Amino acid sequence: MRTMLQTFRISLMAALLVSASPALAEYTTTVISDELEYPWGMEMLPDGRILVTEQTGALRIINTEGELVEEPIANVPEAWVEGHGGLFDVKLAPDFADSNRIYLSYACGTRKNSSTCLARALFAGDTLNEVEEIFRSSPGREGSAHYGGRFTFLADNTLVMGLGDGFDYREQAQNPENHIGSVVRLNMDGSIPANNPFVGLSHAAPETYSYGHRNVQGIVYDPQSDRLYTNEHGPKGGDELNLMRAGANYGWPLITGGVDYNNARITPYQQLPGMTSPLLEWTPSIAPSGMTLYRGDAFGDWRGDFFVSALAAKKVQRVRLAGNRVIEQEDLFTELDRRIRYVYTGADGYLYLLTDQQNGELIRVTPKGEHHE
C-alpha cells in the first residue's frame, strides 16, 4: 500500500452557477488504499473499519489503521461477474448494533439468465453467517448490462433498490408487471410492504415502487425532508437526477434528453403527460455512479449539497437544490483524473471516494489544514 497526500484549492468556476458563490472551500485528498480491485460500494462500521465491495466479487475490510486486510471476508454470496455484473453495494442494517446484519446487492445467474439479487447476512468479522437471498429481479435476461444495484433504507426501515433495463430490454421499462427498469421497495426480510403503490393490482409487480428507469446508479434518502433521490445513466446524453415519488413513471424510453450511441433518435419527446421529468439532466453524459447528500460538519459550506460521482467525466458533481430547483453546480476532484465510482459521507464528516480501476483507490477528503496519519 502506498499513501499520497495532495492539496488542491477548489475552484469556484462551476459548470453551472445560478446563485451567488458560496464561501471558498479548501480540501486535502489522501489515498488510504490503492490495492482495491474495481471497488464499487462502501460502508463504515461503527468501530471505524470500512467495508468495501469489489465488483470482481470480494468484500474487503480496511482496518482503523487504514490498512487493507489481506484476506477477503469469507462466505460472501457468489456474484456473476461479467460486463456490468458483479458485486455491488453494501449497507448495514438500521438495527446493526443489535443484529450484526448487513445487506449486499450483486448480479446473479448466468449470461443467458441474469438478474439483480439482494442478500442479507450476519457479519462475523472475517466471515458472513446465515447468508440469505431475499430478492431476485424478475424476469431474468440475457446479456451483462444495466443491473442498477444501489440501495438504501427509508425512515420506516424498508429498503429501496434501483434496477436497470438490461440494455436490450428497454421497452420493458414501461411495463410495471416486471422489475426491468424499476425501483423496488422491500421489507428488511425481503417481503413486500403492504403500502407499496402497486400492491393488489393485477397489472404490476407488488415490489415495484417506480418504473420507467434506464439504469439507476445512485440513491439517497434524506430523512430531514423525507425525500428520496436517484440518479441514472442516460444513453448518449440524458443522464438524470430524479426526485422519487411512489408509483411514478419516469418515462424511459418514451422520454429522454439523450440519443442512441449511434446518434439515432430514441424518441422525439422529452416530456409527456403522466411521466415525471428529472430535476436535472446532464447532456453531454457524465455517467453518474454513486451519490451522497452531505450533512456532515467538516465542510460547513457544503452542508445540504448533493455529491454525484461520475465515471466518464472523471469528477464529482456538487449540486445544490432550493426546493425542486437546481441553483448551483460545481466540478470537484477533476485533478485526480480518475473514474469515480462512489462518493460517501463518513460518520466522521469527511467525504470518501472510490476510483473505478484495477488498482482502485479509497480516497479520504478532509478540510485543508487538518492533520491525518
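**Pockets, strands, cores and cavities**

User: How do the residues of the lining of the largest pocket divide?

Analyst: Into 15 nonpolar, six polar and six charged. Ala, Val, Leu, Ile, Met, Phe, Trp, Tyr, Cys and Pro count as nonpolar, Asp, Glu, Lys and Arg as charged, and the others, Gly among them, as polar. This is a predicted model: local features need pLDDT of at least 70, side-chain atom pairs count only at pLDDT 80 or more, and totals for chains, interfaces and linings use all residues. Residues are numbered from 1 along each chain as its sequence is written, and side-chain values use heavy atoms, without hydrogens and water.

User: What makes a space a pocket, and how much space lies in the largest pocket?

Analyst: On a 1 Å grid over the protein atoms alone, a pocket is an open set of points with protein on both sides within 12 Å along at least five of seven lines; a lining residue has an atom within 4 Å of a point. The largest pocket holds about 780 Å³; a volume is the space filled by probe spheres set on the points, which are joined across faces, edges and corners. Its lining has 27 residues, and Glu 43, Lys 91, Thr 152, Tyr 344 and Thr 345 are closest to the centre. Elements giving two or more residues to that lining include strands S4 (39-44), S7 (87-92) and S23 (340-345). Strands are DSSP runs of E, at least two residues long, numbered from the N terminus.

User: What lines the second largest pocket?

Analyst: This pocket, of about 400 Å³, has 25 lining residues; His 84, Asn 215, His 233, Ala 287 and Leu 311 lie nearest its centre. By class, ten are nonpolar, ten polar and five charged.

User: Why is strand S20 called largely enclosed?

Analyst: Strand S20 (residues 306-310) has five of its five residues buried, so the rest of the structure largely encloses it. Buried means under 20% relative accessible area (1.4 Å probe, protein chains only). Phe 306, Val 308 and Ala 310 point one way; Phe 307 and Ser 309 point the other, and all are buried.

User: How do you know which strands pair with S20?

Analyst: Two strands pair if DSSP finds at least two bridges between them. S19 (residues 288-293) has four bridges to S20, running antiparallel. S21 (residues 315-322) has five, also antiparallel. Leu 293 stands opposite Phe 306, and Arg 318 is the bridge partner of Phe 307. S20 and S21 form a hairpin with four residues between them, where Lys 314 has a positive phi of about 50°.

User: What makes a nonpolar core, and which residues touch the most other members of the largest?

Analyst: A core is a set of buried Ala, Val, Leu, Ile, Met, Phe, Trp, Tyr and Cys residues joined through side-chain atoms within 4.5 Å. The largest has 20 residues; Leu 51, Leu 59, Ile 73, Ile 102, Leu 104, Phe 123 and Leu 128 touch the most other members. Another core lies apart, with 17 residues, among them Tyr 27, Phe 307, Val 316 and Ile 340.

User: What makes a space a cavity, and how many does a search of the whole structure find?

Analyst: A cavity is a set of grid points where a 1.4 Å probe fits but cannot get out. The search finds three of 30 Å³ or more. The largest holds about 70 Å³, and its lining includes Thr 116, Arg 141, Tyr 147 and His 179. Arg 214, Glu 232 and Trp 252 are among the residues that line the second largest cavity.

Definitions and conventions:
Buried means under 20% relative accessible area, exposed over 50%, partly exposed in between (1.4 Å probe, protein chains only).
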